[in-house]
Amino acid sequence: MSDSNTLSQEVPSTGAEKFLEDNFRKLVWLFIIVVAALIAYGFIRHQSTLKANEAAEAFTAVKTVEDCDLVISRYAGTNAAANALLTKAELLWDQNKKSSAVDVLKEFTTKHASHPLAVQALLGLGSKLDAMGDRKEAQAIFERITSEFAASEAAPLAQVRLGDLLWADGKADDAKKAYEDLAVKFPDLPEFQTISQDRLGWIAAALPTKEVDPPPAPKVEPKPAAAIPAIPGMPNINLKSANSGIGATIAPPTTPAAPAMLPPSAVTTPAAPAPQPAVTPTAPAPTPAPQPTTPSPAPAPAAPTAPAPAPAAPPAAATTPPATPIPVTPAPPPPAAPKP
């Protein structure tokens, strides 16, 4: 027994065991630190993801410049804030605030150089500067795109715009060189090969580079309005403004009412003024019969000479007197009965 204990004490411990014995506490603390760092990284990553999603939702609701400013200030450093800058530049340009739009695009290209739309933003910046007349700075931006971002989709467009700027400045040789480089740099893009050949043909034909105003359009004389025929019995309407006010004025009728507007009964036999007894007071009174057996004739023959007024007569017939009034003849007295 004593021999085995002696042998175990004589066997030396290995280096790994000795290292564990000496640094056990340190290893435990290192493990705890690593686990805590992983947890913290996961938490931060989760929070940033939540913030990015919230920023993306806020960006989708952007409609005005103020909305863009709110997203930019609240979610700074996110892709949504960068996209809000681009949207803000477009909104300002649409509002004819061109200088402010260019400043926003410059801020985007400076702060977000690694953004997926950084090259397209540079191309838009150069085009806007060219539209504002700042060709020198626009040319520098197009040259930067063709040299630093030659593999991007914006590079051939920038090459075309560069040649157009040189040609507009009267530098035909430099423009020709730019169009020739377009065909050399992008041989796999047939549409830009066609553009290159067309531009070179235009330079060879010495076409003008500035637009001229078209001749003025011929003056068209306004046609007078057709005269509206007057309707008998209707008032004349003057559609021109009166000197003392605005609006149409109504003039009194210039022609009397035509008999054609009256009903047929009123034209053939005009109505006598009522009452009828007032017209025939001079007629002698009829002599009554002495015998009751002899019936007196009825005064019916006098009825056809004075018919009653027509009920359907229009207002014009009631207010307008007839053109030629016909005198009414009193009815003759009935014959006297013979004496017995």
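Start at helix α4: select residues 79–94. This is a predicted model. Helix α4 has 16 residues. From first C-alpha to last, α4 reaches 23 Å, close to the 22 Å expected at 1.5 Å a residue.

Stay on α4 and color its buried residues. They are A80, A81, A82, A84, L85, L86, K88, A89, L92 and W93. Now step just past the end of α4 to N96, which takes a positive phi of about 65 degrees.

Next, the salt bridges. The structure holds ten. Here are some to visit.

Go to helix α7, residues 135–148. Show the side chains of R144 and E148. They meet in a salt bridge, 3.3 Å from N to O. The two residues are four apart in α7, so about one helical turn separates them. An α-helix has 3.6 residues a turn, so residues three or four places apart point the same way. R144 is partly exposed, at 36% relative accessible area, and E148 is exposed, at 52%.

Move on to helix α9, residues 172–185. Select K177 and D181. Their side chains form a salt bridge of 2.8 Å, N to O. They sit four residues apart, about one turn of the helix. K177 is partly exposed, with a relative accessible area of 45%. Now select D130, R161, D164 and R199: salt bridges with shared partners join them into one network.

R161 and D164 form a salt bridge, with their closest N and O atoms 3.6 Å apart. Both lie in helix α8, residues 154–168, three residues apart. Is D164 buried or exposed? D164 is buried, at 18% relative accessible area, while R161 is partly exposed, at 23%.

Note on methods:
Residues numbered from 1 in each chain as written. Predicted model: local features only at pLDDT ≥ 70, side-chain atom pairs only at ≥ 80, totals over all residues. Heavy atoms only, no water. Expected span 1.5 Å × (residues − 1). Buried < 20%, exposed > 50% of the residue type's maximum accessible area, 1.4 Å probe, protein only. Salt bridge = Lys/Arg side-chain N within 4 Å of Asp/Glu carboxyl O.
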